Amino acid sequence: MTNSHLQKQVNNETFLQKIKGGVLRFIALIFDLSLSFALFSFFSKFEWVNHFYIEIHKATLALKIFEQYQFLNHTLPFICLNLSLLLFLRFWTTLIFGVSFSQFILGLRGGVSPWWNRIGGSIRVLLEFLFLPLFIFEFVCLFRFRTLKEFLTYTHIVDRDPKIPIFRIIFLTPLIFLLMFISPLYNNPSLSLNKETEVLNKIK
């Protein structure tokens, strides 16, 4: 397929088709965040998770970061744990699929080579957290340009399917959200009522 034919195909696409890849990336991020919360609930039975939570909580109290907003002393460790699990999920699934798990099931793929999609993609995932304040550069993916992280790691997440995966999104969205909402019922010592006193006593 020639470049002129590809350009003609792009020009004939609707606006929705042109921004589909960027929208799918955003949906995949929401899915990955939901799955990381589910992982947090499942991993909460392990002592190291509660230890990590307690240590971050102690650090925020010692630094007096949120003196006027005490509830943030509990919120920050929770956010840090979930972001760590998000990094864990996206890093290892990118090593396996070349993109994150949610990106893979939504039809997104790496656009370089099978091995560099995985190696470079894993480096890209690490940069996601370092470049979090520069999230504005992510919007260029709506115009099919590489993001800053993709440019630095010589990777590219592409959407090769011209169709919009409506049925896949409709099926996966309630399934992943249901998993997120029911996961605390499995075992979450940091949230369950019978363990709350024990955790707070350790913090004190």
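Predicted model: local features only at pLDDT ≥ 70, side-chain atom pairs only at ≥ 80, totals over all residues.
1. The structure contains seven aromatic pairs. One of them joins F37 and F78, whose ring centres are 6.0 Å apart, with 70 degrees between the planes, making the pair edge-to-face. F37 belongs to helix α2 (residues 15-43) and F78 to helix α4 (residues 72-97), so this pair ties together parts that are 41 residues apart in sequence.

2. F78, at 25% relative accessibility, counts as partly exposed. The labels differ because buried means under 20% relative accessible area.

3. F78 also forms an aromatic pair with F40. This pair is edge-to-face as well, at 5.2 Å centre to centre and 90 degrees between the planes. F40 lies in helix α2 and F78 in helix α4, so the pair ties together parts that are 38 residues apart in sequence. F40 is buried, with a relative accessible area of 1%.

4. Which residues make up the cluster that includes F78? F37, F40 and F78 form one aromatic cluster. F78 takes part in the pair with F37 and in the pair with F40.

5. Two arginines should be noted separately. R109 lies over the face of F104, 4.0 Å from the ring centre. R146 lies over the face of Y154, at 5.0 Å from the ring centre.

Key:
Residues numbered from 1 in each chain as written. Heavy atoms only, no water. Phe/Tyr/Trp six-rings, centres within 6.5 Å; stacked < 30°, edge-to-face > 60°. Helix = DSSP H or I, 4+ residues; strand = E, 2+ residues; numbered from the N terminus. Buried < 20%, exposed > 50% of the residue type's maximum accessible area, 1.4 Å probe, protein only. Lys NZ or Arg CZ within 6 Å of the ring centre and 35° of its normal.
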